[in-house]
Amino acid sequence: MRTLISFCLLLLLAGAPVSEVSAQSKKKDKIVMPEYPGGQAALRKFLLKELKYPTEARNANEVGEVIVGFTVGMDGIISGVRVLKPVSPALNAEAMRVVKMMKYWKPGTRNGKPVRAEMSIPINFKTVVDNNKYVNEEDSESKKGRDIY
């Protein structure tokens with residue numbers, strides 16, 4: 001029995017330098033993450049324009065952050081949209097609906113070659129009551145009734 005344990009321990013220790021070598025080779029890879037066309041500012045603008053606070057969620061005072069995960073393919077097309085952190089069925093569905101609308105991203109690359117990449121986006125649903133109307137915290141005058149992201 002001791003011989004078997006020693007042999008397993010020896011195999012584990014012998015494998016350590018191999019993983020260090022592969023970790024060193026990964027450091028040489030130039031990795032660029034996928035990007036929404038126009039960058040973060042364009043993504044934020046898109047979300048503010050397209051998201052609609054579901055009436056049933058607003059009436060139930062549902063608020064929170066839905067995290068939506070998806071895959072950006074080598075061609076930049078979004079697939080595998082899923083909720084990673086749910087809040088409520090209505091808010092989850094709205095967040096997924098809008099993420100599915102984002103057809104194309106600039107794909108991620110490794111050493112200059114396109115690769116598939118997993119991404120996630122937090123989408124915040126917040127409300128503030130002002131004169132019995134729900135408004136966006138950031139721009140209460142121009143977006144009466146809108147209060148997302």
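Biologist: How many helices and strands are there in the protein?

Modeller: Keep in mind that this is a predicted model. Along the sequence the pattern runs α-β-α-α-β-β-α-β-β-β-β-β. That comes to four helices and eight strands.

Biologist: Okay, on to the inside. Which element supplies the largest share of the largest nonpolar core?

Modeller: That core has 24 residues, with Leu 47, Phe 70, Met 102, Trp 105, Ile 121, Ile 123 and Phe 125 having the most contacts inside it. At least two residues each come from H2, strand E2 (64-72), strand E3 (78-85), H4 and strand E6 (117-125). The largest share is five residues, and its source is H4.

Biologist: Which residues does Ile 121 touch, leaving out those up to four places away in sequence?

Modeller: Ile 121 is one of the core residues with the most contacts inside the core. Skipping residues up to four places away in sequence, its partners are Leu 43, Leu 47, Val 66, Ile 67, Val 68, Phe 70, Met 102 and Trp 105.

Biologist: Now the rings. Why is the pair of Tyr 36 and Phe 46 tilted?

Modeller: There are four aromatic pairs in the count. For Tyr 36 and Phe 46, the ring centres lie 5.9 Å apart. Planes under 30 degrees apart would be stacked and over 60 edge-to-face, with the rest tilted. The planes here are at 40°, so the pair is tilted.

Biologist: Where do Tyr 36 and Phe 46 sit in the chain?

Modeller: The two are 10 residues apart, and their pair links distant parts of the chain. Tyr 36 is in the loop between strand E1 (31-32) and helix H2 (39-50), while Phe 46 is in helix H2.

Biologist: Is Tyr 36 buried or exposed?

Modeller: Buried means under 20% relative accessible area. Tyr 36 has 15%, so Tyr 36 is buried.

Biologist: Which residues form the aromatic cluster?

Modeller: Trp 105 is buried at 7% relative accessible area, and Phe 46 is buried at 15%. Both belong to one aromatic cluster, formed by Tyr 36, Phe 46, Phe 70 and Trp 105.

Definitions and conventions:
Residues are numbered from 1 along each chain as its sequence is written. This is a predicted model: local features need pLDDT of at least 70, side-chain atom pairs count only at pLDDT 80 or more; totals for chains, interfaces and linings use all residues. Side-chain values use heavy atoms; hydrogens and water are left out. Rings of Phe, Tyr and Trp (its six-membered ring) pair if their centres lie within 6.5 Å; planes under 30 degrees apart count as stacked, over 60 as edge-to-face and the rest as tilted. Buried means under 20% relative accessible area, exposed over 50%, partly exposed in between (1.4 Å probe, protein chains only). A nonpolar core is a set of buried Ala, Val, Leu, Ile, Met, Phe, Trp, Tyr and Cys residues joined through side-chain atoms within 4.5 Å. Contact means heavy atoms within 4.5 Å.
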